[in-house]
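Dear colleague, please keep the sequence and the structure open beside this note while you read. The points are meant to be taken in order, with each residue looked up as it is named.

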Amino acid sequence: MSAFASVEAGVRMQQIRILVVFVLFVAAVCPADATQELLCWKRKEPTSTDFTPTVFKQCLNAIADQVIVDAKMARVPQLFTRTPGKGFRVPHAWASGNCVIGIDVHSEGDEDTLRLYDIAVQATLLNIGCVARPPHYGGTILVGSQGVMNVTIMGWPFPEARNPGRGLDLERVAVADTS
């Protein structure tokens, strides 16, 4: 491959990445279900925590580069479950820098069928509502039609952290009504 072709391929990949990020942003800002709530982490004072503030761009990179690895596959419905050998195994996490995006169902028997795209949209909504705004700790939101699965974003100081969540509370933030 010539140097020109290599540069051209890199530019094309960047254009695709920008398009994916734009689509996720629009979907997150204009959610179909305006009754959803973001639950943003906030620090309880005075206490220490293993969570740290995270950065919008690192979380955006995790969403665009890891959750949506293949745009075609991101649109395919999959079963999310804790049951071994049956669908997409949760809990599962993706990371970029100190931004961690995690998914899990609420209890052992819970499962839901959805797309990685649905997870990426909810993660983008969290990134806009809970990471871009102070205190930048991230948060959690439901994903899927069954109401048994969450997407969570958090800043986590690797590798020292051993007990994520200690010292944090959730603060409810209503998603803007787009009707």
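This is a predicted model: local features need pLDDT of at least 70, side-chain atom pairs count only at pLDDT 80 or more; totals for chains, interfaces and linings use all residues.

1. How many disulfides does the count come to? The count comes to two disulfides, and for a reader new to the term, a disulfide is a covalent bond between the sulfur atoms of two cysteines. When the bonded cysteines are counted along the chain, the disulfides follow the pattern 1-4, 2-3.

2. One of these disulfides is formed by Cys 40 and Cys 130, whose sulfur atoms lie 1.9 Å apart. The angle about the S-S bond is -70°, and the link of Cys 40 and Cys 130 is left-handed. Cys 40 has a relative accessible area of 7%, which is under 20%, and therefore counts as buried; Cys 130, at 3%, is buried as well.

3. The other disulfide pairs Cys 59 with Cys 99, and here the sulfur atoms are 2.0 Å apart. This pair, too, links distant parts of the chain, with Cys 59 in helix α2 and Cys 99 in strand β5 (residues 99–105), 40 residues apart. The link of Cys 59 and Cys 99 is right-handed, with 110° about the S-S bond. Are these two cysteines, Cys 59 and Cys 99, buried or exposed? Cys 59 is buried, with a relative accessible area of 0%, and Cys 99 also counts as buried at 0% relative accessibility.

4. A residue to look up next is Thr 54, which sits in the loop between β1 (37–43) and α2 (56–67). Although Thr 54 is in a loop, this residue is buried, with a relative accessible area of 5%. The side chain of Thr 54 makes a polar contact of 2.9 Å with the side chain of Asn 98. Leaving aside residues up to four places away in sequence, Thr 54 touches several others, including both Cys 59 and Cys 99, as well as Val 131, His 136 and Met 154.

5. In soluble globular proteins, nonpolar side chains tend to be buried together. In this model the largest nonpolar core has 32 residues, and the members that touch the most other members are Phe 80, Ile 101, Ile 103, Ile 119 and Val 151. Two or more residues of this core come from each of β1, α2, β5, α4, β7 (138–143) and β8 (149–155). Which of the elements gives the most to this core? The answer is α4, with 10 residues. Apart from this core lies another, of six residues, among them Val 100, Tyr 137, Met 154 and Trp 156.

6. Strand β4 (residues 92–96) pairs with β5 in the antiparallel sense, over five bridges, and within this pairing Ala 93 stands opposite Gly 102 in β5. The two strands β4 and β5 form a hairpin with two residues between them, and in the turn Gly 97 has a positive phi of about 60°.

7. Trp 94 lies in strand β4 and is buried, with a relative accessible area of 9%. The C-alpha atoms of Trp 94 and Ala 62 are separated by 6.4 Å, although these residues are 32 residues apart along the chain. A polar contact of 3.5 Å joins the side chain of Trp 94 to that of His 92. Among the residues that Trp 94 touches, not counting those up to four places away in sequence, are Gln 66, Phe 88, Cys 99 and Ile 119.

8. A search of the whole structure finds two aromatic pairs. Phe 80 and Phe 88 form a tilted pair, at 4.8 Å centre to centre and with 35° between the planes. The rings of Phe 88 and Trp 94 have their centres 6.4 Å apart and their planes at 40°, so this pair is tilted as well. Phe 80 and Phe 88 are both buried, and Phe 80, Phe 88 and Trp 94 together form one aromatic cluster.

Definitions and conventions: Residues are numbered from 1 along each chain as its sequence is written. Side-chain values use heavy atoms; hydrogens and water are left out. Helices (H or I, at least four residues) and strands (E, at least two) are DSSP runs, numbered from the N terminus. Buried means under 20% relative accessible area, exposed over 50%, partly exposed in between (1.4 Å probe, protein chains only). A polar contact is a pair of N or O atoms within 3.5 Å; within protein, one must be able to donate a hydrogen and the other to accept it, and residues adjacent in sequence count only if both atoms are side-chain atoms. Contact means heavy atoms within 4.5 Å. A disulfide is a pair of cysteine sulfur atoms within 2.5 Å. A nonpolar core is a set of buried Ala, Val, Leu, Ile, Met, Phe, Trp, Tyr and Cys residues joined through side-chain atoms within 4.5 Å. Two strands pair if DSSP finds at least two bridges between them. Rings of Phe, Tyr and Trp (its six-membered ring) pair if their centres lie within 6.5 Å; planes under 30 degrees apart count as stacked, over 60 as edge-to-face and the rest as tilted.
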